[in-house]
Amino acid sequence: MSLIKCPECNQEVSSKAPLCPHCGVKIADNVKRCPVCGAFLLMDAEQCPKCNTKFVVGKTNEPDGEELTQNEDVEVVENAGDVVIEEKSGTMDETLSSSDTPKKKSGVPWWLLVLCILVIAVGGFFYWEKQNRERAEEAAYSRLQDCTNPLSYEDFIARFPKSRHIEDVKTQLQNLYRVDRMWADVASSKDVVRLQQFVEENPHSAYKQEALRIIDSLDWLEANRIGKSVAYDAYIRKHENGEFVTQAFTARDNAKRREEQALRDSLAQADSAVAVVPAPQAQ
C-alpha cells in the first residue's frame, strides 16, 4: 500500500482505499499512472490532463510507488522519446510520437517575416523617392544654366534646400540681383558709353537686347542731330541690322546730295567773286 494523489481532488489517499475520503471517487483498481509525467488519473481516462499523453483504455494494478505499474493486460514500451501502449489482446496499437505531444515549433516566426517584408517595402519606397527627387533636382539645375529669371532660382532654392548645387544657385541669384540694380541705374542715364559697357560686362543678361535697342535709338538721334553723311555712315557701320538702318541709308544719300550741292554753290560763288575783281590798269 502507498499514498497517491487522488485524480479528482488531488488529496493524498491510500492506493488500496475503495473510495477517496475527500471526494468519494473510486480508488482501488480504478487508478493508473501516466508513464510520461507520473500523474495519477482514473482508469477510464483517455488522455493525461498534464502532458496530453493519450492512452488505450485498459486495466492496471494499483500504483505502489514504482515509476509505472503494469499488469498482464497492458504493456508500456518507451522508445527514443515515443510512448507506445500496446494491448496484448492484439485489438489496437497506438503510437504516440513527438508530433502528438506539444512541442515548440522551429523556424522563423511569421511576424518576423512580415516585419522584414515591411522594412524592405518601406526602404524600397524611400529609395525610389530619393532617386526621383535627385533626377528632378538635376533637371531643374540644368534648366537654370541659360536662365536669367530670378524667380526660377528662388523656386529651385525653395524646392531643393539641401541640393549639392545650392551654393552655386545662390551665387547666381545674387549676380542676377546685382545686374538688376546695375541695369536700373544705367537704363535711366541714357548714356551710350555706359550702356555699351553694361552689354560687354553682362553678355548673357536678360537686359542685353533692351540695352542694344536703346543704344541704337540714341545713336540714330545723334546722327540726325548732326545731319551729315559721315554721321549716317557711322550709324550704318555700327548698326548694320539696326532699327533705323533703312532710314539711315536714305538720310545719308540726301545728306550727300545736299553737301555736294553746297560744295557746287560754294565753288560757283568763288568763281563769281574772281570774275568781278577789276583788272589792274596799265601805267
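**Entry 1: two helices in contact**

I looked up which residues join helices α5 and α6, and found that Ile-215, Asp-216, Asp-219, Trp-220, Ala-223, Asn-224 and Ile-226 of α5 meet Ala-231, Tyr-232, Tyr-235 and Lys-238 of α6. Contact here means heavy atoms within 4.5 Å. I sorted the residues of this contact into seven nonpolar, one polar and three charged. For that sorting, Ala, Val, Leu, Ile, Met, Phe, Trp, Tyr, Cys and Pro are nonpolar, Asp, Glu, Lys and Arg are charged, and the others, Gly among them, are polar.

I note that this is a predicted model, in which local features need pLDDT of at least 70, side-chain atom pairs count only at pLDDT 80 or more, and totals for chains, interfaces and linings use all residues. Residues are numbered from 1 along each chain as its sequence is written, and side-chain values use heavy atoms, with hydrogens and water left out.

Helices (H or I, at least four residues) and strands (E, at least two) are DSSP runs, numbered from the N terminus.

**Entry 2: how α5 and α6 are set**

Two packed helices are described by the angle between their axes and the distance between the axes. I found α5 (residues 208-226) and α6 (residues 229-238) packed at an angle of about 165°, their axes 8 Å apart. That makes α5 roughly antiparallel to α6, a term for angles over 145 degrees; under 35 is roughly parallel, 65 to 115 roughly perpendicular and the rest oblique. The axes are lines fitted to C-alpha atoms, for helices over the stretch in contact, and the angles run from 0 to 180 degrees between N-to-C directions. The crossing of α5 past α6 is left-handed, that is, the near helix is turned anticlockwise from the far one by less than a right angle.

**Entry 3: salt bridges**

How many salt bridges does the whole structure hold? My search gave nine, each being a side-chain nitrogen of Lys or Arg within 4 Å of a carboxyl oxygen of Asp or Glu.

I began with Lys-238 and Asp-219, whose closest N and O atoms are 2.8 Å apart. This pair links distant parts of the chain, with Lys-238 in helix α6 and Asp-219 in helix α5, 19 residues apart. Lys-238 is partly exposed at 46% relative accessible area, whereas Asp-219 is buried at 14%. Buried means under 20% relative accessible area, exposed over 50%, and partly exposed in between (1.4 Å probe, protein chains only).

Next I took Glu-138 and Arg-164, with closest N and O atoms 3.2 Å apart. Glu-138 lies in helix α1 (residues 110-143) and Arg-164 in the loop between α2 (150-159) and α3 (166-187), so the pair ties together parts 26 residues apart in sequence. Glu-138 is partly exposed at 32%, and Arg-164 is exposed at 66%.

Arg-159 and Asp-155 form another salt bridge, at 3.8 Å between the closest N and O atoms. They are four residues apart in helix α2, so about one helical turn separates them.

I also noted a network of salt bridges linking Asp-233, Arg-252 and Asp-253.

**Entry 4: positive phi**

Most residues other than glycine have a negative phi. I found that Asp-29, not a glycine, has a positive phi of about 55°. Asp-29 sits in the loop between β2 (12-14) and β3 (31-33) and is exposed at 55%. Asn-52 also has a positive phi, near 65°. Its place is in the loop between β4 (40-42) and β5 (74-79), and Asn-52 is partly exposed at 30%.
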